[in-house]
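Trainee: I would like to learn how to read a few features of a model like this one, beginning with the ligand and its surroundings. Could you take me through them one at a time?

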Amino acid sequence: MPNTKDYIYLDNAATSLPKPPGVAEAVAGAICRAGNPGRSGHALSIGSARDLFTARERLAELFGFRDSSRFVFTENATGALNQAIKGLLRSGDHVVTTSVEHNSVMRPLRRLESAGVSVTVVPADATGTVDAAGMIAAIRPETRLLAVTHASNVAGAVQPVETIVRAAHARGVFSLIDAAQTAGAFPIDLSTLPVDLLAAAGHKGLLGPQGTGFLFVREGVPLVPLIEGGTGSRSEDDHQPDFYPDCLESGTPNSVGIAGLSVALAWLLKKGVDGIRAKEVALVSELLEGMRRIRGAIVYGPEDPSKRGCALSFNIEGADPGEVGRRLEREAGILLRAGLHCAPNAHRTLGTFPQGTVRVSPGPFTTRREIGKFLSAVKRIAAG
Ligand SMILES: Cc1ncc(COP(=O)(O)O)c(C=O)c1O
């Protein structure tokens with residue numbers, strides 16, 4: 001088994017590492033005592049249900065929303081996005097999205113096209129930033145949803161979600177934010193942002209285990225469950241319950257992972273997302289500055305670090321991104337992700353399709369020393 005101490009981990013946009021203190025212990029503890037939550041009614045079942053409730057309450061606190069029942073646990077951001085998109089859209093509906101979406105948004109939308117949903121993809125600019133006015137102008141009478149990523153997982157560009165969501169709200173159109181790259185790393189206040197649906201992973205910026213994620217569903221959004229079955233509630237009825245979160249949470253949940261996520265959420269609440277954001281902007285600034293000084297390095301996305309999330313894509317002139325990634329690992333123990341990042345349209349937008357880019361993504365535990373080592377390694381590779 002590789003030892004994480006031998007590496008510099010800069011792949012937090014894929015999944016965060018390390019996790020905050022206590023997360024691993026919480027998972028290990030839960031696997032030894034997790035009864036089936038909300039099912040059996042014995043001590044261990046109730047204990048597990050409490051873990052879920054605590055985690056849900058912490059999500060609600062982190063995102064500034066009073067009713068934790070509107071946060072539905074999913075297995076990842078993809079599960080949350082599929083539930084949001086396929087649970088809402090029907091034949092004849094129109095949806096507006098962007099050219100920098102992840103396949104977890106685009107593939108469900110492409111699937112729905114064959115079921116009579118029409119899709120408008122608004123192109124982002126060369127930095128991977130979409131123009132809010134362009135999205136708003138694409139709204140038609142039959143538009144049901146505006147779906148936008150909060151920050152591109154390729155270019156890093158933060159999108160003008162506030163303007164987009166408010167415009168959708170004012171026109172009676174539902175809005176969906178893919179917060180996979182921002183939840184836990186970027187302040188999001190659902191008490192002031194009138195977004196209808198927000199999907200995120202638990203294992204990226206929320207610093208929890210893989211196999212966790214959530215979908216926030218505001219009251220009044222008519223979502224049809226993608227999966228129906230046992231919820232531990234209303235067991236006398238062979239119809240799916242209609243109340244939250246049970247209506248969208250069928251089957252035994254990942255209570256072991258959610259116990260770990262809960263500890264990560266407590267850590268984030270204590271630390272404060274604003275502080276994490278400030279640290280990550282400083283690290284990205286340092287990366288941008290360092291990369292600018294490396295001859296042959298091409299950096300994609302906005303120049304201003306405050307307009308970026310934590311994912312930074314680059315290429316080295318004349319070099320294959322996959323090979324650059326492999327050399328960074330082999331020669332400097334640096335772990336990151338090269339290729340298309342499950343977002344081919346984002347690469348078409350940046351002009352980096354089909355070869356892709358090398359993506360470096362620091363996280364809350366990344367140090368300046370690690371950034372320095374990364375920059376030195378890139379410089380050596382760029383020098384040939
Ligand atoms: C913008 C974006 N959306 C969705 C996803 C899918 O997340 P998950 O792997 O948790 O399903 C990712 C993962 O990289 C992402 O970056």
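Trainee: How far does a polar side-chain atom of His203 lie from an oxygen atom of the ligand?

Mentor: Bear in mind that this is a predicted model; a polar contact is read as a pair of N or O atoms within 3.5 Å. In this case a polar side-chain atom of His203 is 2.7 Å from a ligand oxygen, and Gln181 likewise places a polar side-chain atom 2.8 Å from an oxygen atom of the ligand. For Thr78, the distance between an N or O atom of the side chain and an oxygen of the ligand is 2.4 Å. Of the 390 Å² of accessible area that the ligand has on its own, the protein covers 90%.

Trainee: Which residues come nearest to the ligand, and how do the residues of its shell divide?

Mentor: The shell has 15 residues, of which Thr78, Asp178, Gln181, His203 and Lys204 come nearest.

Trainee: What should I look for in the largest nonpolar core, and which of its residues touch the most other members?

Mentor: The general idea is that, in soluble globular proteins, nonpolar side chains tend to be buried together. Here the largest nonpolar core contains 55 residues, and the members that touch the most others are Phe63, Phe71, Leu190, Leu198, Leu206 and Phe214. Helix α7 (residues 255-271) gives the most to this core, namely 6 residues. The core also draws at least three residues from each of domain 1 (4-19 + 272-382) and domain 2 (23-271).

Trainee: Is Arg359 buried or exposed, and what does its side chain reach?

Mentor: The cut-off to apply is that a residue is buried under 20% relative accessible area and exposed over 50%. Arg359 counts as buried because its relative accessibility is 1%. This residue lies in strand β13, residues 357-360, and the side chain of Arg359 reaches the backbone oxygen of Asn153 at 3.0 Å.

Trainee: Where is Pro141 found, and is Pro141 buried or exposed?

Mentor: Pro141 sits in the loop between α5 (132-137) and β5 (143-149), and it counts as exposed because its relative accessible area is 85%. To place it in the chain as a whole, compare it with Glu331: the two are 190 residues apart along the chain, and their C-alpha atoms are separated by 56 Å.

Conventions. Residues numbered from 1 in each chain as written. Predicted model: local features only at pLDDT ≥ 70, side-chain atom pairs only at ≥ 80, totals over all residues. Heavy atoms only, no water. Near = heavy atom within 4 Å. Polar contact = N/O pair within 3.5 Å; in protein donor to acceptor, adjacent residues only side chain to side chain. Areas by Shrake-Rupley, 256 points an atom, 1.4 Å probe, with all protein chains shown as cover. Core = buried A, V, L, I, M, F, W, Y, C linked by side-chain atoms within 4.5 Å. Buried < 20%, exposed > 50% of the residue type's maximum accessible area, 1.4 Å probe, protein only. Helix = DSSP H or I, 4+ residues; strand = E, 2+ residues; numbered from the N terminus. Domains from an automatic or database assignment.
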